[in-house]
Structure formats: structure tokens, C-alpha cells
Amino acid sequence: MKTSLQLPLVIASLLLALPGHAAEREWIPYRKLVDVIKLDKFDALPPAERDKVVLYAKLVPVNKAISPLDAGLVVVDGASRTPMPLDASGRARMVLNPQWLAHDAQIWTSLPKGEKMRMGFDLGAVLPETTQWRYAAVMGAIPQTNAAIGKVAGALSLFVPTMKSVIFKFDKPAQLTIKTAGGDKRYASDGQHRIRLKFDEDTLKENPLVEWSTRPFEAEIDD
């Protein structure tokens, strides 16, 4: 979701300084990250209202010369240390850890002194393991996401765009076919090996078989 760092819901202008000494140092409490991305409220939803959605924390260095891959984040819970690796987009898939909340675990970083990070969230759809699936299994993430945003964000959901599509990301050229009662609908990946599939309520009701030529590595929920 490309708008994630522009949403009031996640404190769009929040710039978290990383003070301290050289090398690794304390950054923010785990609880702070949970609060900012509303992970606890998302987790509190019944599983049937969120089981098609993936919630990511997005942590991007303000200094564009620094890659998110170099952020060096670690959750420290007493003597326990759990790396929190970010992908090239600065994202980490989030699952609530009640023990870290109870123990007031801290997130440490190895970023240079004085560097800052923007904090937000991204949303993705859960992918089937097979290359064939029913439309609702993935595209059902769109209505699920919009309903969840309304419940989690409350009044602030008015500032969050309505999600309308899923972007499938492949590591090579790919095709997607929807086998509707009215005939097959075929989509080919673009130059970035991506297919944007817009949500359709009628197709959701029909729930036809969908087939990829190859399984994508990610499905991003977008507006």
C-alpha cells in the first residue's frame, strides 16, 4: 500500500530519532511500535475478520543513502535477542507478541547516531500455496481490509483511502486467468512482473477458479 507513510492513522509525520552511542543502542519500546501501527487492535479482531490480511510495519530511514536492509533492528527481551529484519522496502511482517509487551521489550538499532526513521504500515493479502485458488480466498482480503480499517482506526478511517485492488508480484513474467461463467479473463504481468487485479463484487459472489502461471512472492493491497 503505497500511501502507508502518508496516513494520519500511523502518525504520518512521526520521525523517531535514534540517539545514543556508537554501534548498537536502544531505539524504542516494542509497545511503541505496536501502538503506532495498531497491531494490538488488529490482533483483537476475530480471526475470520483478518485471516486474509497481512500487516507489515514499515520502517524507512529518512536518509535515503541508508537502505532499510542496513537498519539492524533487534527486539531485546531480557537476555533474549530476536532480529527484526526489514526487506528492501523497509517492511517487517508483524504478529503480536504478548510476552514482549508484558516484559516491556525494547527495539535496538545499529543505525548511525542521529539518523531518523519514518514509521508506518503496509497491508498484504495472504497467498495460497498452490497456483489455483478461488477468487474469494485472496480477493476477499479487500472487503476484509476495509472493514478492519474502519474498526481499528475509528474516526481516522475517514482519512484512509478505500482499498480496491491487489498487486501480485512475480520474479518473472506471469499470467493470471479468472475462469468465470462468462468466459476466461486473462491478465499478463507488466514490465515489473506485476499484475494489478481490481476487486469486483460480482466476481466475489461467483467465486470462480483463478490460476497463476507461476506463484507470486507477494500480494500487496492497494487503493
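Modeller: First, a term: buried means under 20% relative accessible area, exposed over 50%, and partly exposed in between, with a 1.4 Å probe and protein chains only. This is a predicted model, where local features need pLDDT of at least 70, side-chain atom pairs count only at pLDDT 80 or more, and totals for chains, interfaces and linings use all residues. Residues are numbered from 1 along each chain as its sequence is written, and side-chain values use heavy atoms, with hydrogens and water left out.

Biologist: Is Asn-207 buried, partly exposed or exposed?

Modeller: Asn-207 sits in the loop between helix H6 (201-206) and strand E14 (209-212); helices (H or I, at least four residues) and strands (E, at least two) are DSSP runs numbered from the N terminus. Its phi is near 55°, positive though the residue isn't glycine. Most residues other than glycine have a negative phi. With 25% relative accessibility, Asn-207 counts as partly exposed.

Biologist: Which backbone atom lies 3.1 Å from a polar atom of the side chain of Thr-109?

Modeller: Thr-109 belongs to strand E7 (residues 106-109), and it counts as buried because its relative accessibility is 0%. A polar atom of its side chain lies 2.9 Å from the backbone oxygen of Ala-71. The atom at 3.1 Å is the backbone nitrogen of Leu-111.

Biologist: What is the bridge partner of Lys-179 in E12?

Modeller: Strands E11 (residues 175-180) and E12 (residues 183-188) run antiparallel, joined by six bridges; two strands pair if DSSP finds at least two bridges between them. A two-residue hairpin links E11 to E12. Within E12, the partner of Lys-179 is Asp-184.

Key. A polar contact is a pair of N or O atoms within 3.5 Å; within protein, one must be able to donate a hydrogen and the other to accept it, and residues adjacent in sequence count only if both atoms are side-chain atoms.
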